[in-house]
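Please open the model in a viewer and follow the selections below in order.

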Amino acid sequence: MSGGENIVITGFMGTGKSTVGELVADKLGRQFVDMDLVIEDRFGLPIPEIFERHGEALFRTVERGLAQELSTQSGLVIATGGGALVPEGMRDLMGRTGKLICLNAGKAEINARLTETDNRPLAANWQALFEQRQSAYARIPNQIETRGKTVEAVACEIVAMLDGRIHVRTPAGGYDIWIDQGILGEINRHIETLGLGGHVVIVSNETVAPLYAEQLASRLPNADIITVRDGESYKNLETVTEIYHKLLALGADRSTTLIALGGGVLGDMAGFVAATFMRGIRLIQAPTSLLAMVDSSVGGKVGVDMPQGKNLIGAFKQPEAVLVDTDVLESLPPLQWRCGMAEVIKHGLISRPALLDPAMWEKENLVDLLRQAIAVKVEVVEEDPYEQGIRAHLNLGHTFGHAIEKVTRYSVPHGEAVAIGICRAARLSRNCGLIDESLVQRVVSTFERIGLPVDIELNPEDWYAAMSTDKKWQAGKSRFVLLRDLGEATVVEGLPKDEVLAVL
């Protein structure tokens with residue numbers, strides 16, 4: 001794999017650019033170029049001395065010249081210096097002939113990697129520099145979190161990314177998220193890779209099945225289709241039992257693979273079937289809504305609702321793969337697109353503010369939008385696969401939102417309920433002294449710009465009562481995910497009822 005576009009690896013100091021880049025080049029049989037080492041060779045001096053003798057301005061001039069040289073070549077793996085792609089012009093320059101990948105690590109991790117004797121010229125003031133560069137790094141479309149990962153694991157993620165995949169590590173191993181145009185229509189090309197040579201059952205709903213299920217089944221050697229009714233009100237044990245009976249009638253056994261073809265409701269329910277039928281069969285998620293693509297299909301949480309609340313019956317069931325086909329979004333109704341954007345904005349608020357930039361929402365940036373939004377979910381579920389800690393942050397606004405769905409008997413779509421819930425969570429965050437009014441207004445205006453509702457008229461007591469059965473509450477004690485800052489969430493427990501009612 002010596003040809004093709006360059007692979008350009010960047011990120012803050014201490015994120016492992018050079019070490020990872022060299023390993024990626026070795027795996028792909030490509031030439032590796034460390035820009036800092038090339039510049040040192042040309043000056044005949046180590047970089048700290050270049051800064052000391054000639055100043056940073058000259059260093060950046062030489063760096064720009066080298067970037068121009070490398071951008072005329074192809075098939076390279078390039079590790080840049082930490083500041084090389086901070087200027088937009090440099091990102092544009094190297095992005096014309098290269099795939100830009102940014103390695104990330106939190107402050108605590110970087111602090112552990114940088115020693116007091118570190119001779120990097122800008123290490124002394126690294127924390128301020130870290131803050132200054134975050135917005136520039138966030139604009140790089142391909143992001144990889146390096147915290148807690150080996151160099152080998154990070155290199156494997158980059159190699160997977162080149163094939164349009166994001167690798168997800170799980171306690172039992174891992175799986176890939178495939179993001180590609182038309183992948184469902186070309187599933188026959190991936191039968192061996194995805195293990196679809198045996199019996200496959202596609203579970204879909206009455207809305208999605210007529211559009212895609214027959215086409216998908218026709219490209220597999222031995223596939224059947226089960227169709228269920230569409231809507232949150234059917235996400236229950238009755239429908240699950242119906243699927244069990246149909247699986248048995250089709251001769252399904254422990255070697256069968258179940259493909260969940262649909263939105264979040266279908267993926268949750270079919271995933272629960274896969275987790276429990278004959279004590280577990282193989283599962284592939286094929287999400288057909290934006291909401292399912294960026295959220296519910298990733299992370300292995302599956303389940304169904306009870307009259308008392310959402311997802312009260314469930315399990316953890318990791319898929320063998322997630323197939324994100326951007327073509328299916330062409331048939332997505334505008335309402336469902338807006339509902340999916342509620343989860344995208346949530347990911348921006350808790351981790352990646354770049355997702356709040358309206359420029360990211362344009363159709364031509366769809367793949368980048370998907371990759372960045374999905375990457376947030378991946379980073380969180382890798383760190384906390386069983387929702388024991390940080391994974392709770394993904395529930396920003398959901399305690400409010402799930403209660404809205406329950407009180408209105410699911411007449412309010414999930415994405416709209418989440419948008420209203422996040423606005424309420426922002427106000428509660430403000431009342432708790434965590435954020436100021438300006439951030440509350442930014443949250444509200446962002447949802448309004450998308451066309452999502454930010455308010456609803458409900459009886460506050462009914463709303464609160466519905467929240468009190470939320471599975472995230474513990475021993476009757478309230479538990480809310482709130483905003484501590486833009487890009488940072490926190491869990492607050494035990495808030496008095498009157499404080500919660502004040503925002504209802």
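**Cavities and a loop serine**

Begin with helix 14, which gives six residues to the lining of the largest cavity, the largest share. Helices (H or I, at least four residues) and strands (E, at least two) are DSSP runs, numbered from the N terminus. The model is predicted: local features need pLDDT of at least 70, side-chain atom pairs count only at pLDDT 80 or more, and totals for chains, interfaces and linings use all residues. Residues are numbered from 1 along each chain as its sequence is written, and side-chain values use heavy atoms, with hydrogens and water left out.

A cavity is a set of points on a 1 Å grid over the protein atoms alone where a 1.4 Å probe fits but cannot get out; lining residues have an atom within 4 Å of a point. The volume of the largest cavity is about 120 Å³. Among its 18 lining residues, select Gln143, Ile144, Glu157, Ile166 and Ala375, the closest to its centre.

Move to the second largest cavity, of about 100 Å³. Of its 13 lining residues, Gly309, Lys310, His402, Ala466 and Asp470 lie nearest the centre. Strand 13 (309–316), helix 15 (398–407) and helix 18 (460–467) each give two or more residues to this lining. Volumes are the space filled by probe spheres set on the points, which are joined across faces, edges and corners.

Finally, select serine 255, in the loop between helix 10 (237–249) and strand 10 (257–262).

Terms used. On a 1 Å grid over the protein atoms alone, a cavity is a set of points where a 1.4 Å probe fits but cannot get out, and a pocket is an open set with protein on both sides within 12 Å along at least five of seven lines; lining residues have an atom within 4 Å of a point.
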